[in-house]
Amino acid sequence: RSRKESERVEFLCNKYSSDDVDVAKLICDDHPSENLAFRIFDTDMKASDLSYGDLKKQSELLSKGLISKGIKSGDRIATLMGKSREYIITLMAIWRIGAVHVPLFTAFSTPAIVLRLNGSRAKIVVCDETQQGKIKPSEHFILNHKIEVITTANAEKTPNWAVRWESLLTSNTAQFRSTKLAPNAPIIHIFTSGTTGQPKGLIVPVKALACLQAYAEFAFDLKPTDIFWNAADP
């Protein structure tokens, strides 16, 4: 590894290892507001752009909505969603609060979802219309704790046991301040696949962001002007 690369790695380690890391600020808010954050393609291949400024504004609104539900730093929020504008905003809102993201693979059946929701003790699961049937109250969807379901489905497709995602985009204009976290604080609670035994919960801490950014820069050779497409499921 060159000296320049070593210095860059040291910089990234320090960036994400201070005593008060503002994850939302580092990932989103520090970027110029007009810059492109994501380009989302619908199933009909129609594209829509999401700037860093819009991502900041929308995720702040959703953060306030989640806080109104009693969510606080350290709480687990699961997502059972495909790629979408709402998914990205939800992730940023989770991290603004200092809450922990529990990703659920959209190919999971209800038992696999229940295992992970119980294991993480998630307080909320956010889903989209195509996935909400898997978490409908039934003899197969039984948790050992109370959970609230939030769906991005429109009003006509939202069942009476779920809350509409858009209803949480509160118009509260009070200033929002992101939660600051220690480097070892969890930001993701993910489970192993279970191919060699019972799935196990693993914690991804704030400081792991240094590894993720270093991998993007050194393995993928990504530059600030590049567009990166991740073909994997969220």
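Ile150 is in contact (heavy atoms within 4.5 Å) with Leu66, Ile124, Val125, Val126, Cys127, Val163, Arg164, Trp165 and Leu168, leaving aside residues up to four places away in sequence. The model is predicted: local features need pLDDT of at least 70, side-chain atom pairs count only at pLDDT 80 or more, and totals for chains, interfaces and linings use all residues. Residues are numbered from 1 along each chain as its sequence is written, and side-chain values use heavy atoms, without hydrogens and water.

**Nonpolar cores**

- A nonpolar core is a set of buried (under 20% relative accessible area, 1.4 Å probe, protein chains only) Ala, Val, Leu, Ile, Met, Phe, Trp, Tyr and Cys residues joined through side-chain atoms within 4.5 Å.
- The largest nonpolar core has 41 residues, and Ile150 is one of those with the most contacts inside it, as are Val23, Leu55, Leu66, Ile77 and Ile187.
- Helix 4 (85–97) is among the elements that each supply at least two residues of this core, and helix 4 gives the most, with 9 residues.
- Another core, of 19 residues, lies apart from it and includes Ala78, Ile135, Leu143 and Val149.

**Aromatic rings**

- Rings of Phe, Tyr and Trp (its six-membered ring) pair if their centres lie within 6.5 Å; planes under 30 degrees apart count as stacked, over 60 as edge-to-face and the rest as tilted.
- By this rule there are 3 aromatic pairs.
- Tyr215 and Phe220 are edge-to-face, because their ring centres are 5.1 Å apart and their planes stand at 80 degrees.
- Phe220 and Phe228 are stacked, because their ring centres are 5.2 Å apart and their planes stand at 25 degrees.
- Ring pairs link Tyr215, Phe220 and Phe228 into a cluster.

Definitions and conventions
Buried < 20%, exposed > 50% of the residue type's maximum accessible area, 1.4 Å probe, protein only. Helix = DSSP H or I, 4+ residues; strand = E, 2+ residues; numbered from the N terminus.
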